[in-house]
Amino acid sequence: MSRWQALRSLLLPFLALTLPAAWAVAAPPVPAAHLALELTLDPGTRQLAVVASVRPGERNFRFALHESLHIEKASVDGQAIVLRPAGQQGDLRAWQTRLPAADATLRIEYQGTLPALDRHLDHRQVLGRLPPMTAVEGSFLSSGSGWYPQPAALFTYRVRLSVPGEQRALVAGRLLEEETPAAAGDRYRASFEFAHPADGIDLVAGPWIVREKMMPTSGAAPLRLRTYFTRELDEIAGLADAYLEDTRVYIERYGREIGAYPFSAFSVVASPLPTGFGMPTLTYLGAEVLKLPFIRATSLGHEILHNWWGNGVYVDYATGNWAEGLTTFMADYAYKESESADAARAMRLGWLRDFAALPPASRQSLASFRSRTHGAAAAVGYGKAAMLFVMLRDLLGEQHFQAGLQLFWQQQRFRIAAWDDLRQAFEQASGQSLTVFFRQWLERDGAPKLQIQSASSSTLASGTGLSIEVTQSAPAYALRLPIEVNDGQRSENRAVDIDGLQQKVALAVDGPAQSVVLDPQLRLWRLLDAAQLPPILRQWIVARGPRLLQVSTTAEVREAAAALAARVFEAAPREIPPGDLRKTTTPLLMIGLHADVDAALTASGLPPRPQQLEQQGSAQVWTIAGQTELPIAVVSGRDAGALRALLRPLPHYGSQSWLVFEGSRALARGVWPIIEQPVPVSTAGRKAGD
């Protein structure tokens, strides 16, 4: 899931063509810009009419509207003015004017017929900037779509909206008033206010049934919790109540960990789109997704947490998006930690696998990450960023880490904050300099490759001494390196500090050591050895020069296979004949019917279909382990329909090594096991392996 704030940032360059006294916290600035909107939306006819009163806080005001919207009149203090066109970029048309004063209010009346809602957008299209879309089954007017004149700076706003009586609509903010239809033909009207500094307005509407629960707080007023569900969702027994209760639990949890919830409400809104977004005071999640039982235990908490990170503290996108990584760490990863140590380790392994699957040219630094536009960006902006916070907590300890988070919140609430502001908060909380730590993890686009070259033990007066020689790839990182020491009966976890390309470290251990393992719990961001890495589908999804091998000959199957390959690969694949299989070294996807796949594997001398996949489901997908020089993944289907059924689900399983599908439903999935490589310990004066 991506944060919509990142998409808002795409518009800005176009618009611009309890703490110690030493930790004093300044109040957030009061925005000079304000926007008031009165709008009428009719999804059935796709008509939108708006009267906008904008105080941009600057004399030279430049804004953009979607090309479907036409300005009818504009005025300043009752005097008509003419807005000047200022170019067009894509479907956005720019306008500009010079106001008599920075605090002047510009009134603009405009209307138009919006584009129809596209319910067939795939995940990657949704991550791009969408136009304002409307239909009876749902409307989404995103902040980056040009449906209102947006000030270049942060702003406050009020929105009064009107939709047909069978519809409901909302924007982020405090509900001021609401008029529900009393008779046929009446309209639904509501007014919302956002008194904090905002960076955009998203409007959503649909044929929803609203359920509400007021949540008591320690403050003067309770929080308004709501679900806006379709009739189908509302009729699922207990679903709305479960979402309202889980929302309460998450708000209480993050209030304790960070600081009080910063808004007056939170709503869970059903979307007709295939993915979801998080905005201040609400999350907009796919109606089909909301039915899934695990969503309340995962995605819901993630989106609620964004009300602190991303919506409560804004992201300075010019220096990198820290909010996605911090939210992933405190939500998705924290839930795995609560489940078990093994589940948390599996998630860390997934991050490292995803990164290792990236071609070097596709890797980017954390400082350059803005939003998840493709799998390569997600591996860095979510995985690497979350691992940064794992390593930072290990370095500082739980108490100082939590104090740093709370300090960051109190200092930056409703401000635009950068990675550097996070660093300073953690330095203040811990008393440690973290300049080197943050610089290496933010500015470098790679990861260290680490190896224990040798280990030897010697007898000391106080016990046993252990000498370990560690190497890392250039450039050298400053690392606190976890080491596991095994004596044949038990293991002991230790940590050593290294900062050189080749370095010897000494440890005093309790008794004779037989072997050592480098970072067995995977608590460092690093490049795993190729022999250790189980191949996952991400390697094929993000491949720069992918290849497609079709092993079935019927036209219907070949058409389905070509469509599936186009969906799986982010780059267009080149189809090769069977005889060229051994002539390529880039990731290759073999697709065909079961019998044809088995024959092709045998003819090519490749391992057969894995036993745990045989005779299961309508389609099977697997990567072939051990083929590091020739990465091969296989999709095997019962018929053309079984292959077509994978078009939507398969691209979402990049972190898996194998899957079994029945139709579009994944029956089973997994990752080939990682291979541990302990290094034997020799006696003093001899290196391991001598």
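## Salt bridges and nonpolar cores

E232, at 46% relative accessibility, counts as partly exposed, a class that lies between buried (under 20% relative accessible area) and exposed (over 50%), computed with a 1.4 Å probe on protein chains only. The model is predicted, so that local features need pLDDT of at least 70 and side-chain atom pairs count only at pLDDT 80 or more, while totals for chains, interfaces and linings use all residues. Residues are numbered from 1 along each chain as its sequence is written, and side-chain values use heavy atoms, with hydrogens and water left out.

**Exercise 1.** Find the salt-bridge partner of K291, and state which parts of the chain the pair links.

*Solution.* Begin with the rule, by which a salt bridge is a side-chain nitrogen of Lys or Arg within 4 Å of a carboxyl oxygen of Asp or Glu. The side chain of K291 meets that of E232 at 2.7 Å, N to O. Helices (H or I, at least four residues) and strands (E, at least two) are DSSP runs, numbered from the N terminus. Finally, K291 is partly exposed, at 29% relative accessibility.

**Exercise 2.** Describe the largest nonpolar core and name the residues with the most contacts inside it.

*Solution.* A nonpolar core is a set of buried Ala, Val, Leu, Ile, Met, Phe, Trp, Tyr and Cys residues joined through side-chain atoms within 4.5 Å. The largest one has 189 residues, and W309 and W322 have the most contacts inside it. Helix 9 (residues 375-396) supplies the largest share of this core, 12 residues. Then take W322: leaving aside neighbours within four places in sequence, its contacts (heavy atoms within 4.5 Å) include W309, F389, F408 and W419. A second, separate core has 19 residues, among them V597, W622, L630 and I632. In soluble globular proteins, nonpolar side chains tend to be buried together.
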